[in-house]
Structure formats: structure tokens, C-alpha cells
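Open the model in your viewer and keep the selection panel at hand. We will go stop by stop.

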Amino acid sequence: MYEFPAKLTFHIGSYIDRIVDWLTVHWAGFFGAVKSGLLWVFVHLNDFLTWVPWWYFILVIFLLACQFKSIGSGILYSSFLFLIGMFGLWEATMYTLTIVISSVVITIMIGIPLGIIMASNNRFETFIKPLLDAMQTMPSFVYLIPGIFFFGLGLVPGVLSTIIYALPPIMRLTNLAIRGVPEEVVEAGLSFGPSKWQLLIKVQIPQALPTIMTGVNQTTMMALAMVVVASMVGVEGLGLEVLSALNRIDVAQGFEAGISIVFIAIIMDRLTLAISNRTQSRARKERN
Amino acid sequence: MMSKLEINSVSKIYGPHPTKIVPYLEEDLTKEEIFQKTGHTVGIRNVSFEVKEGEIFVIMGLSGSGKSTLIRCINMLHEPTDGKVLVDGEDITAYSPRQLKKFRQRKIAMVFQHFGLFNHRTVAENVGYGLEIRKISAKERAEIIHKRIESVGLKGWENKYPDELSGGMQQRVGLARALANDPDILLMDEPFSALDPLIRREMQQELLELQQRLKKTIIFITHDVNEAFKLGNRVAVMKNGEVEQIGSPIEILRKPANTYIEAFVKEIDRSKIFQVRHMMMDPQAVIQLWDDLETAIDKINASGCSELYVVNEEEKIQGILSLDDALHGLEGGKDLRQIIKDDYEKVAKNVYIQNLLEQSIKSFYPLAVVENERLIGVLPQNRILESLV
């Protein structure tokens, strides 16, 4: 009487399971191509990052921070990186960075155009908005599961789920930014008879850029968060260090890997923010 | 001559099914009644007018009168629900997207109330925007930009950004940008409303000077009666999406079509609109220099005035003779030439009433309106006062 009748069962999961099975078989070529494409990008970027000498990397971050923030931040960020090196986590960090950077680049390449379409098409926007909500509320682990089916364990499902997880903010903010360009400015742009493309490139995107850059920053942060979760499907890097520490209840290792992630997060967040702020006011500074 | 622009019973309706509402416009329903019946808002309703080439045509109305919607129908930023917009005889509402692009690139440009500048572009880049759209080469672009920036007096500000400029200067950029493509028609949507009064007056003057040189066809929108009457060759007054009256400022002032317009023009400073030629009277009678005094006295008596101007055979003005002087002169046996006075005031016919008030109180006599020393009219003080109310 008080319990839900046990005979009334319905499982949507089995259908999803079947769809996934079907896709794995019939779309194998497609997934293979995606996988090798992603791997190609990833391997080359990782090769590059590990090829760069550690001190050179630290120097570049230091100079960037000096240029866009202050010498103080430069010293802070480079000592963060130096610490990570002393923890013995340099390679793992480079691996994590590779995943973050490649996922962010791919996310931006997909997300900004989709955001622009959202802004110019109300029907597409109403269709995609609940989807974006769902994507953001869904526990991030869930993305890993189909990824494993399609691509097996390892890097590719990790990167892919990172992309899916990081996509909503950049799409949302691009949409918002383009819709937020003052109407009179758009009218002024239109009144000279541009094509849609010209209007987009010469007026809408430049006007929307500050907000879009905020989206890029958010996407970066979300990608970094997801990379740790992605270690559960065998993605190496700092996430895996945390995971293995968790398994062994190794507080020392867990803390070192954890704090390294925090360091990377701080550096990426502050640097991308500073760079995007500066690009907006750059023109003014250059003139003087 | 064909008119440059012809608005032919244009209506604009907002709502889910605007075209279905068009028949309602023919019926005797107010805007509110149509809204209650159909849920559609009538933006503009059956507006028709023609604009001649080289004319400044002002559309005046309060906010919500539909004037901004109307001006946007002329370059199709808003598509009219019904009616035609003819430019050089071509119906632009029937244009394909391609034709429309070309039309906007070549023939028409717009200046906006809040300037509508691109704040990510420098002044020069803003002005060059329309040229970029037309894919003009960088070299040619630089030349045109230079010329336009100079013509609006912004030389030396080319590399500044809009937000570093004052409001007046920003609108100059807007004007230069609109003129860069050398359009035939210039749409100006309350261009000076956002400026403070001093700058506004200055910009109005500059626009008039610029128009002297450029001779564009200008559609100018404003809610300010004084601005409308100062700038407009002709003015259309709009209310609730409909045109209430079209005419030259003088026509509207003299014969307001209804009480709404009467109230509208009440606050206007008429002395800035009326010129001597609008108020002067024909010199019904003049005394010839060779008349004897008896004839002169007869003429003065016949005219009902207390004095008359004296002219020579070339109708050139020689002096003024009052009845008293004439009678005294007759008693004293004097000649006409000896008693005429020259303490009258002369004015030209295109002087604004505002500018002759001081002159008019200096003299007891009606002002003499002269052209090349010839008397072409007289302007009694009471006519001057009449023009002010």
C-alpha cells in the first residue's frame, strides 16, 4: 500500500543502451575518425608542451603575467609552477594542460558558431536552451559512460566529455553577447547595406567580444574541473594522481596533486581574464 | 519634376498577423479600438507624402507618434505592412535582398539619435565603415575618410575612439559616416536630441551650412517644434501614427489644421520663423517726388495712414511725409522736398522679425522694406506685433 508497486517497471536505460550499441556498430567509422583526429591534436600539443624546457615554460608564464598583470603576479605564478615541479608533478601537469587547452580550443571552435546561430535564430535558441540546461545539470560523470562505449577507455572519451561539459557557457554567453549589442548599433550597421557575414564580422562580433571572452574564461575553468573527473576513465595527468591517492588513502600525494590543480586553475583563470580585459582596452593604450 | 521620395499610404502594424489588420485601417476605428479588437498595435497609418530633391523634410511628432518607425520604413530597417515607398520612382518595398543591399550602400544613409557608433572602431574606421562594406580599396577609403572628417570639422581626431569624444563630436562622426558613401538621401532620426541646447543650436546651423554645399535630400525627425521650423523646408506633423498636417513652417503657423497643431506651435518662437517678407504690406500709396503738397495730403488722407513714403521716378525711396508736416508745410507755403523727413528705418525683406525688433522701436514710422533702394513694401509696427502672437 505504501510502497511503489514493484510490478510497474519501465526502463528507459535499456533503450538508450540499445541506441548506443547501434551507434557503436553502424557509426564505427565516424567515431574512429573523431578519435584519431582528437588524438592527433592531442599528441602534437603534448609533444610540444613536454618538449619545451621547464624553465622556459616558467619564464613564458612569468613574462605573460608581467605584461598583462604585474611583476608580483609573475613571481607568484612562476613560484607556483616551480613548486609543482618540485612535487614531481611536472609531466602530469603538462598532460593536464594539454587536455585542457585542446578541449578549450575545440569547445570554442564549436561553441562560438553555435552561439551565433542561437543569437540569429529564435527557434534554434528555444530548442537548444533546455538542452544546455540539461548538459550543465547532468552529473559530469554521466558523460563518461557513452564516451567509453564509443571510444574505449583513455584520453578521447575524457576530452570529449570535457568538451560537452564546457560547451554550454561559451554558447550561452556568445548568444547573450550578440543579442546584447545595442539595437541602434546593429541598425547603424545594417543601414549601410552589409551582407549578414559582413555585419557579423565587422559589427556584431567585435561589439560582443568582451562578453564572449568571459565565456572563454568560464569554459577554461569548467574544462579544468572536468579533467579531474575524466581521470576515472583513465585519463592521465593531475586528475589521475588525485584518484590514485584517493584509492590508496594517501593524503600527502592527494594534497600535492590537489594543490597543483588549484595552482593551475589560478594561473589560467587570472591570466585569461587579464588578457581578455587588456585586449578590450588595448587599442586605447596603444594610441598613447 | 518627379519627386525624390514618395511615401504612398504606408502603414506599419505590429502583432502576430499584421497583414490581416490592414482592412481595419480603412474603417473609422482609433488606434486603441484596433488594439482592443485585434491585439495589434498600429505603428503608422496610411501615411503619404512626397519629398523633393534637395529638400529638408522634417517629420515632427511626440514620442509614440510613429515618426521613428516611419523613417525606418524609408530604408527598410522596418518593413511597411502596407503601402509603397518610391525612391526615384522605384518601389523599394518590392526590392530583393540584393537590390536592398545595393540601395542602402549607394543611395541612402542614416544618422541616429544616440549616434549608433561602433565603439570598437576609431573615428576614421567608423567613417570608413560604409566604404568597407562596398569593398572600396584602402587607399581610396583613406582619401574619402580624410575629406569627410575634415568637412565635419573633426580633423586631428581620426584615431580617437568614440567614447573619448563629446556628444556633439560623436554626432559629427555619425554624420561623416553617413556622408561617406555620398548618398542622395540622408535620414536623420532625432540626431540632435541627445545633445545639450548650446551644441544643438550649433549643429543645426552647421547642418544648414553643410546642406548649402551638399544639397542632399534630407528627412529629419524631431520632437522639437523650434528645430523643425528652423531646419525644415517643409514639415509634417504626426500624431498617433498619422500625419496631421504637411506644409512649410509659415503655412503651418498661419493655418494650423486643427487644435492639436495649434497647441503644438503655440510655444514656438515665431520671430525666428517669420521674415519681413512674410509680414510686409504692399505700399498701396506713395507720394511721388514731383507731387505738390495738396496731392500729397489727398493721398495721405485717402490711404488712411498718417504718413506715406516719398519715392522718385525710379521708385527709390527719398523720405517720409506725415500729414501734420504736410499741413504745416502748406500753411508755410513750402515745397514737398523741403519738408520730407529721413528719420525712417529701412529693412531688407529676408530679415527675421527677431532681428529687427530693436530697429522697429527706434522709429515712429512703419519700416520701409527696400531692395536696391527701391521701396517694395512697408511694415507697420502693429504687423510686427501680429507676427509674434
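Start where chain A meets chain B: 18 residues of chain A are in contact with 21 residues of chain B. Keep in mind throughout that this is a predicted model.

Stay on the chain A side of that contact. Select helix H9 (183-190), then helix H10 (196-230), then helix H12 (251-287) of chain A; each supplies at least two residues of the side that touches chain B. Eight are nonpolar, five are polar and five are charged.

Next, hide chain A and select chain B. Orient the view along the principal axes. The C-alpha atoms of chain B fill a box of roughly 90 × 55 × 40 Å. How does the radius of gyration of chain B stand against that of a compact globule of 389 residues? Chain B has 27 Å, while such a globule would have a value near 21 Å.

Colour chain B by burial. Of its 389 residues, 40% are buried.

For the last stop, select residues 29-265 of chain B. An unreviewed UniProt entry places the feature "domain: ABC transporter" there. Within residues 29-265, the chain is 43% helix and 22% strand. Finish with a distance between the two end C-alpha atoms of residues 29-265 in chain B: they are 27 Å apart.

Terms used
Residues are numbered from 1 along each chain as its sequence is written. Chains are lettered from A and ligands numbered from 1 in the order in which they are written. This is a predicted model: local features need pLDDT of at least 70, side-chain atom pairs count only at pLDDT 80 or more; totals for chains, interfaces and linings use all residues. The radius of gyration is taken over C-alpha atoms; the globule rule is 2.2 Å times the number of residues to the power 0.38. A residue is buried if 20 or more other C-beta atoms lie within 10 Å of its own, exposed if 12 or fewer, and partly exposed in between; C-beta atoms are placed from the backbone. UniProt positions are given in the numbering used here, feature names are shortened, and annotations may be inferred rather than shown by experiment. Helices (H or I, at least four residues) and strands (E, at least two) are DSSP runs, numbered from the N terminus. Two residues are in contact if their C-beta atoms, placed from the backbone, lie within 7 Å. Ala, Val, Leu, Ile, Met, Phe, Trp, Tyr, Cys and Pro count as nonpolar, Asp, Glu, Lys and Arg as charged, and the others, Gly among them, as polar.
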